[in-house]
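This report walks through one protein model, from the whole fold down to single residues. Please keep the sequence and structure in view while reading.

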Amino acid sequence: MIAERRAIPFTALATAPTVTLPRIKALTTGAIPNFLDAILNIAESDTSSSLAHQDNWLIQMKRTANMNISFFGDDTWIKLFPNIFHTTDGTTSFVTADTVEVDLNVTRHVLPELKKPHWDVLIFHYLGLDHIGHSSGPHSPMMKPKQIEMDDIVKTIFETISEQDNKRAITDSNSKPTLFVLCGDHGMNELGNHGGASKGEISTAIVFMSSAFGNFTRSPKTYETPHNVGSLSFYDLINQIDLVPTICFLFGIPIPKNNLGKIVLQVGDLDGITSLRALQLNARQIAVILQTLWTSFNINFHKSDLSHISDIACDSIVEEKNRLQCLYDQAHQLHAKAYYTGSAEIIERSLYLYEKFIDEASSRISSSSREYGLGSMYCGIIVITFATCWFIALLIDQYKSGESETVALRIHRFWTRERSLGFFGAIGLSVTMFASSYIEEEHQFWYFWMQTLWIGFLVKSNAYIGIRNYNVVWVGVLTFLANWAGPIWWAVASNLIRQEIINPRNLEASGQILFKGTQYCSINFKQPKPPLFLDYILYTSTFHAIVLLILSIAMMIFRNHLFVWTVFSPKYLYQIVWNILHHFGIEVVVCGLLDWVEQ
């Protein structure tokens with residue numbers, strides 16, 4: 001179809017997080033998704049991420065053009081767009097072992113729905129290729145047969161809509177052809193996973209197909225673009241969100257107000273003046289967003305205001321707002337001249353300025369949504385550093401034997417081999433926070449595999465799959481217990497050990513204490529004080545403070561890292577949960593109550 005010029009292909013670049021829910025948001029609103037969307041992607045019953053009250057092309061088609069829209073496939077769409085679809089049949093995307101039925105459930109609707117007389121928009125979201133990637137990687141022997149299956153489905157859909165277009169053209173010469181868009185919501189890496197920003201994960205295919213494309217008078221330049229297999233670049237590069245304004249312009253509906261994409265002019269056989277009008281609408285919509293950053297940005301075109309900028313080179317303007325204002329104004333000025341003169345040179349220049357404005361403005365808006373409060377981050381690190389030093393000082397102070405004792409002597413008394421091992425262990429763990437691969441495999445060092453995986457299996461398999469409604473609080477409690485089963489066990493066990501030390505049940509003349517049977521534990525009662533509950537809290541607090549401090553520094557350094565949203569940010573959230581729920585909740589509150597009861 002591409003060779004016959006009936007399909008116009010592109011490589012569409014997505015942005016992280018490259019998981020389904022935020023990518024669907026991007027493909028329908030044109031906006032940049034955030035990390036919270038990636039978290040909500042795993043909660044099947046979540047409704048807070050609904051797009052029912054956010055501007056998108058589906059709502060515009062439904063409310064503005066009163067179109068009949070139906071959906072079949074990944075039920076994330078049904079959650080995002082309640083009360084939009086006329087007919088639906090959703091499938092869960094979390095049973096990744098299923099690579100057959102999950103697609104057959106969609107395919108069985110294709111021909112019956114296409115043959116219905118009153119449909120306007122049909123959306124089919126297939127999951128098989130994604131599931132094969134998750135289960136066995138992109139080079140799986142199952143991949144090629146699945147791709148052939150998908151190719152056959154594309155052929156069936158295209159042949160059916162082409163036949164319908166031809167029949168309509170016979171009875172109505174003013175009828176419009178059907179547009180068929182084939183695209184992926186994300187790619188995958190060499191392991192078959194996705195979520196990050198590697199080249200394989202962000203590179204997706206998008207193909208526009210129509211029976212009308214073969215009659216174009218202007219050949220899209222994307223056909224001549226050389227392929228670069230190494231960089232996964234095939235045909236022209238566009239942004240994935242460019243789909244949004246393109247669909248809106250072709251169907252004559254308003255562009256969503258938060259869109260940051262640019263109309264792909266190659267999809268329409270547009271003359272110069274029509275192309276200018278398309279980009280003018282696109283530029284104004286984005287300029288309205290710019291006004292939220294700079295209230296003084298002028299989005300209204302007044303010819304009398306432009307005489308002073310006709311000879312200015314906008315690229316020479318350093319201040320960003322003024323440069324964008326210059327591009328916007330000059331594009332409108334040349335647009336007005338092109339409308340009256342029809343000059344091809346002026347049209348090309350105006351198109352260039354519109355596109356440059358849209359690209360730079362979109363980049364500026366995207367970066368503003370991802371800007372970090374560096375002042376707050378530095379203040380946080382300073383506070384954590386102070387707390388860490390304070391805990392270490394308190395620990396050393398516990399081992400003084402007199403007011404006149406020097407600090408060096410206290411450190412010498414404190415610095416035993418056991419404490420040295422614990423201190424350098426905490427530092428060693430913290431150093432691994434600077435490598436994404438170590439963070440991803442941290443569980444290898446910490447958890448009791450059998451109990452954690454077993455409890456986790458019970459929670460995951462019964463809390464989500466196939467269940468629409470569940471108690472979020474109890475699922476949260478069970479998830480916490482599953483993930484922290486080992487540390488909770490040790491924290492509670494520490495209470496028993498402290499009680500054996502403070503109130504020995506069986507004390508022999510040799511100074512040994514009998515716990516059970518013939519198992520002995522040596523206790524030296526000549527130490528300055530036994531390890532009481534407050535000492536335990538001091539040690540654990542120091543450990544958590546050191547880890548949190550170094551992790552905070554790592555986050556500061558890697559805030560622009562490739563995996564900041566998929567590795568470092570989740571780890572930081574996990575560490576915060578560790579401190580709040582486990583350290584304060586379990587080690588301080590629960591163990592404190594148990595210690596008080598024992599006393």
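## Overall fold

Among contacts in the protein with a separation of 6 or more, 67% join residues 24 or more positions apart. The model is a predicted one. The protein holds 22 helices and nine strands. Its length is 599 residues, of which 46% count as buried.

## Nonpolar cores

In soluble globular proteins, nonpolar side chains tend to be buried together. Here the largest nonpolar core has 67 residues. Trp 57, Leu 58, Phe 81, Phe 85, Phe 297 and Phe 357 have the most contacts inside that core. What does Trp 57 contact beyond its neighbours within four places in sequence? The list is Leu 27, Thr 28, Ile 123, Val 244, Ile 247, Cys 248, Ile 253 and Pro 256. Another core, of 17 residues, lies apart from the largest one. Its members include Phe 72, Trp 119, Val 154 and Val 207.

## Two buried isoleucines

Ile 253, a contact of Trp 57, sits in the loop between α9 (243-251) and α10 (272-293). Its relative accessibility is 7%, so Ile 253 counts as buried. Leaving out residues up to four places away in sequence, Ile 253 touches Trp 57, Gln 60, Met 61 and Cys 248. Met 61 is 192 residues from Ile 253 in sequence, but their C-alpha atoms are 7.0 Å apart.

Ile 365 belongs to helix α12 (residues 344-368). Buried or exposed? At 9% relative accessibility, Ile 365 counts as buried. With residues up to four places away in sequence not counted, Ile 365 touches Leu 260, Ile 286, Ile 289, Leu 290 and Leu 293. Ile 365 and Ile 286 are separated by 79 residues in sequence and by 9.0 Å in space, C-alpha to C-alpha.

## Helix packing around α7

Helix α7 (residues 143-171) packs with helix α6 (residues 128-136). It also packs with α5. The table sets out both pairs.

| Helix pair | Angle | Axis separation |
|---|---|---|
| α6 and α7 | about 170° | 10 Å |
| α5 and α7 | about 10° | 10 Å |

Take α6 and α7, with their angle of about 170°. That angle makes α6 roughly antiparallel to α7, because the cut-off for this class is over 145 degrees. From α6, Gly 128, Leu 129, Ile 132 and Gly 133 take part in the contact. They meet Met 143, Lys 146, Gln 147 and Met 150 of α7. By class, the residues of this contact are four nonpolar, three polar and one charged.

Now take α5 and α7, with their angle of about 10°. Here α5 is roughly parallel to α7, because angles under 35 degrees fall in that class. On the α5 side the contact uses Asp 103, Thr 107, Val 110, Leu 111 and Leu 114. On the α7 side are Lys 146, Glu 149, Met 150, Ile 153, Thr 156, Ile 157, Thr 160, Ile 161 and Gln 164. The residues divide into seven nonpolar, four polar and three charged.

Which residues of α6 are buried? They are Gly 128, Asp 130, His 131, Ile 132 and Gly 133. Their cover includes α5 (101-114) and α7. Gly 137 follows α6 and has a positive phi, near 90°.

Arg 5 is not a glycine, yet its phi is positive, about 65°. Arg 5 lies in the segment before β1 (7-13). With 33% relative accessibility, Arg 5 counts as partly exposed.

Tyr 235 is not a glycine either, and has a positive phi of about 65°. Its place is the loop between β6 (203-209) and β7 (236-239). Tyr 235 is buried, at 17% relative accessible area.

## A glycine within a helix

Where does Gly 585 lie? Gly 585 is in helix α22 (residues 564-598). Its relative accessible area is 22%, so Gly 585 is partly exposed. Apart from neighbours within four places in sequence, Gly 585 is in contact with Ile 580 and Val 590.

Key. Residues are numbered from 1 along each chain as its sequence is written. This is a predicted model: local features need pLDDT of at least 70, side-chain atom pairs count only at pLDDT 80 or more; totals for chains, interfaces and linings use all residues. Side-chain values use heavy atoms; hydrogens and water are left out. Helices (H or I, at least four residues) and strands (E, at least two) are DSSP runs, numbered from the N terminus. Buried means under 20% relative accessible area, exposed over 50%, partly exposed in between (1.4 Å probe, protein chains only). Contact means heavy atoms within 4.5 Å. A nonpolar core is a set of buried Ala, Val, Leu, Ile, Met, Phe, Trp, Tyr and Cys residues joined through side-chain atoms within 4.5 Å. Axes are lines fitted to C-alpha atoms, for helices over the stretch in contact, and angles run from 0 to 180 degrees between N-to-C directions. Angles under 35 degrees count as roughly parallel, over 145 as roughly antiparallel, 65 to 115 as roughly perpendicular and the rest as oblique. Ala, Val, Leu, Ile, Met, Phe, Trp, Tyr, Cys and Pro count as nonpolar, Asp, Glu, Lys and Arg as charged, and the others, Gly among them, as polar.
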